[in-house]
Amino acid sequence: MPKTSARLLSLLQARRDWPGALLAERLDVSPRTVRRDVDRLRELGYPIVAAKGPDGGYRLGAGTRLPPLLFDDEQAVALAVALRTAAATGAGIEEAAARALNTVRQVMPARLRHRIDAFQVTAVEQSGGRREPQADSGVLLALSAAVRAREELRFDYAPAGSPPRRVQPHHLVVRGSRWYLVAWDLARDDWRVFRGDRITPRTPTGPRFTPRELPGGSVAGFVTGRFRGAADEPGGSGGGGSDGSGDWPCRGEVILGLNAADVSRFARDGVVEELGQDRCRLVLGSWSWPALAATVGMFDAGIEVVGPPELTAAFGLLARRYASAADGADGV
């Protein structure tokens, strides 16, 4: 492809509409050369639309087939790096990304192939050999489409057995190689965060809705506030109505029969206050009251709940569950 045609295509990809005179000025060529290059790109399959008149210009439209792609060196390297690291996205596209990388590499000039071949990435599993579950790429596309269209969504949520969820999807986010759907749960009348790998969408989608304002105004702050510090965030959690400020949605206070120095090593971002020998106060947060109670229960010591009442109730719930497990009965 001639150099002027390549530069013209690059400009058309960067902006929706280009007046012909401005294109000629940017390319430092005559309007006739611009027209000739437009014709050449059309022959290659690029759907370039022309508008006539004094204010006429050119636009790169959408076609029915994929024409030859044109990347500058930086774009080509960025694409190859993104494809190499696709395994870390959690979107289940590793094989497709490998095939795409091989296709792109074959048409690269030698100088770029050498740079790409020198960039090798090894995926390392998390400690304990645990591999993050992969979200189906088709599911992610369906969720993204519902978010963009502002259409209510119905889906089954693993584990099986619970009624289908009906939500207003607001954001699709990825955090720590795991995908989440941030949505307003219509049955629970509250915000929820659902894991993408546990969602099986139902069709058709529901009616359109008017987007609500996310608490705190920032999806990043909201998600962080829901799952801050959690090593394995659960899906579909309410978390007590986090305000998206980045603080824990649930925070409680207990007295432990342990030395403050021993507790502080495992208290994460909690506050530990020494009350005497083998006795300390612990203020700690979590994404739900049962999770907070379970975290405190990991300390091998007597526990006195200072508050709030929700934490006391959570200890009661866990006590019944543990008792049922010990008796071999169905869980609470």
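## Helix 4 and helix 6

In this predicted model, the axes of helix 4 and helix 6 (residues 110-117) come within 10 Å. They cross at roughly 30°. Angles under 35 degrees count as roughly parallel, so helix 4 and helix 6 are roughly parallel to each other. The crossing of helix 4 past helix 6 is right-handed.

Which residues of helix 4 and helix 6 meet? Helix 4 brings Asp73, Ala76, Val77, Ala80 and Arg84. Helix 6 brings Arg111, Leu112, Arg115, Ile116 and Asp117. By type, the residues of this contact divide into five nonpolar and five charged, with no polar ones.

## Helix 4 and helix 5

Helix 4 (residues 73-84) also packs with helix 5 (residues 94-106). Their axes come within 9 Å and cross at roughly 155°. Over 145 degrees counts as roughly antiparallel, which is why helix 4 is roughly antiparallel to helix 5. Here the crossing is left-handed.

On helix 4, the contact is made by Leu79, Ala80, Leu83 and Arg84. On helix 5, Ala97, Ala100, Leu101 and Val104 take part.

## Aromatic pairs

The structure has a count of four aromatic pairs. One of them is formed by Phe155 and Tyr157. Their ring centres are 6.1 Å apart, with 65° between the planes. This pair is edge-to-face. Are these residues buried or exposed? Phe155 is buried, and Tyr157 is buried too.

Tyr157 also pairs with Phe194. The centres of these two rings lie 5.3 Å apart and the planes stand at 80°. Planes over 60 degrees apart count as edge-to-face, so the pair of Tyr157 and Phe194 is edge-to-face. Where do the two residues sit in the chain? Tyr157 is in strand 4 (residues 153-157), and Phe194 is in strand 7 (residues 190-195). Phe194 is buried, like Tyr157.

## The ring cluster

Taken together, ring pairs join Phe155, Tyr157 and Phe194 into a cluster. Tyr157 belongs to the pair with Phe155 and to the pair with Phe194.

Methods
Residues are numbered from 1 along each chain as its sequence is written. This is a predicted model: local features need pLDDT of at least 70, side-chain atom pairs count only at pLDDT 80 or more; totals for chains, interfaces and linings use all residues. Side-chain values use heavy atoms; hydrogens and water are left out. Axes are lines fitted to C-alpha atoms, for helices over the stretch in contact, and angles run from 0 to 180 degrees between N-to-C directions. Helices (H or I, at least four residues) and strands (E, at least two) are DSSP runs, numbered from the N terminus. Angles under 35 degrees count as roughly parallel, over 145 as roughly antiparallel, 65 to 115 as roughly perpendicular and the rest as oblique. A crossing is left-handed if the near helix is turned anticlockwise from the far one by less than a right angle, and right-handed if clockwise. Contact means heavy atoms within 4.5 Å. Rings of Phe, Tyr and Trp (its six-membered ring) pair if their centres lie within 6.5 Å; planes under 30 degrees apart count as stacked, over 60 as edge-to-face and the rest as tilted. Buried means under 20% relative accessible area, exposed over 50%, partly exposed in between (1.4 Å probe, protein chains only). Ala, Val, Leu, Ile, Met, Phe, Trp, Tyr, Cys and Pro count as nonpolar, Asp, Glu, Lys and Arg as charged, and the others, Gly among them, as polar.
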